[in-house]
Amino acid sequence: MSELREIVIIGSGPAGLTAAIYAARAELKPLVFEGPQPGGQLTITTEVENYPGFANPIEGPELMDAMREQAIRVGTEVRIDWITKVDLSQRPFVIETSSNQTVHAKTLVIATGASAKWIGIESEQRLQNKGVSACATCDGFFFRGKDVAVIGGGDTAMEEAMYLTRMCTSVTVVHRRDTLRASKIMADRALKNPKITFAWDSGVDEILDGGTGKVTGIRLKNLKSGAISDHYVQGVFVAIGHQPNTALFTNQLPMDNAGYLITDGVKTPIAGCFAAGDVYDTMYRQAVTAAGMGCMAAIEAIRFIEAEESH
């Protein structure tokens, strides 16, 4: 089965669905493939307080459901399907799905996002959104006046720790080595901050909840001595990086060493192929910025189609 579409959007987070809304209102009848995590990272977030337009907090899944319904209402087709292969070497682009469908796309918006890297312990998964987070900018507000821990030793971890000192009583940085991997300027700032203490040469053995269902502490293991120690915290921020979901585009689009797409704004080097959101954004990683990029990618796709049709 094969079909031709004006615009195909891969990904259904804020970037993908915003791109769909704009493309649908331009009567391009966009097709969105939801992928393995419909709604993106916001579907594993509880309260969202920093998305404009909501006077009261809104649940992440509720916000994404509203975006999805809006996209459908204005003319988007959403498919619950996975993409197994994309061929960008020809136009229209060729997209193959897990249900053995082939779709040809005049334009493509890549909004596959990035996934937070996790430590990989059971208690971390069980307590996500119950004191465990991977985004201080998103969730730090909920920990005002509390003691928290940040896991990691790179620039991201230092940025998270510094941000959290604005609202938290104390921040404990847990790092597996005895020196930080962060850039010197970021490391120096963190080391000089009186609210930040460091648990060196340590890994998280368990995140504790004391039977409350919410984070009450962390159990650390010193990786040199083997000593176990418990630390009282009410929040744990895992900051060991993100993994961009770009495997489909290996050897087709340029990427940095971490796998993020290298773009010119929302434009990839391939004409008619655009990117939006966390798939290339290593700096902001917010729902509102992803939505803005989705808007830009859709407008660029609309202009691209109009330019082709005028020739």
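Me: Which residues in helix 1 meet helix 7?

Reply: This is a predicted model, in which local features need pLDDT of at least 70, side-chain atom pairs count only at pLDDT 80 or more, and totals for chains, interfaces and linings use all residues. Residues are numbered from 1 along each chain as its sequence is written, and side-chain values use heavy atoms, with hydrogens and water left out. Pro 14, Ala 15, Thr 18, Ala 19, Tyr 22 and Ala 23 in helix 1 are in contact (heavy atoms within 4.5 Å) with residues of helix 7, including Ala 287, Gly 294 and Ile 302. Helices are DSSP runs of H or I with at least four residues, and strands are runs of E with at least two, numbered from the N terminus.

Me: How is the arrangement of two packed helices described?

Reply: One gives the angle between their axes and the distance between the axes. Here the axes of helix 1 (residues 14-25) and helix 7 (residues 287-310) come within 7 Å and cross at roughly 40°. Axes are lines fitted to C-alpha atoms, for helices over the stretch in contact, and angles run from 0 to 180 degrees between N-to-C directions. Helix 1 is therefore oblique to helix 7; angles under 35 degrees count as roughly parallel, over 145 as roughly antiparallel, 65 to 115 as roughly perpendicular and the rest as oblique.

Me: In which order do the 5 strands of the open sheet lie?

Reply: Two strands pair if DSSP finds at least two bridges between them. The order is 10-17-11-12-13, with parallel pairing. Strand 10 pairs with strand 17 (residues 235-238) over 2 bridges, and Ser 133 stands opposite Phe 237.
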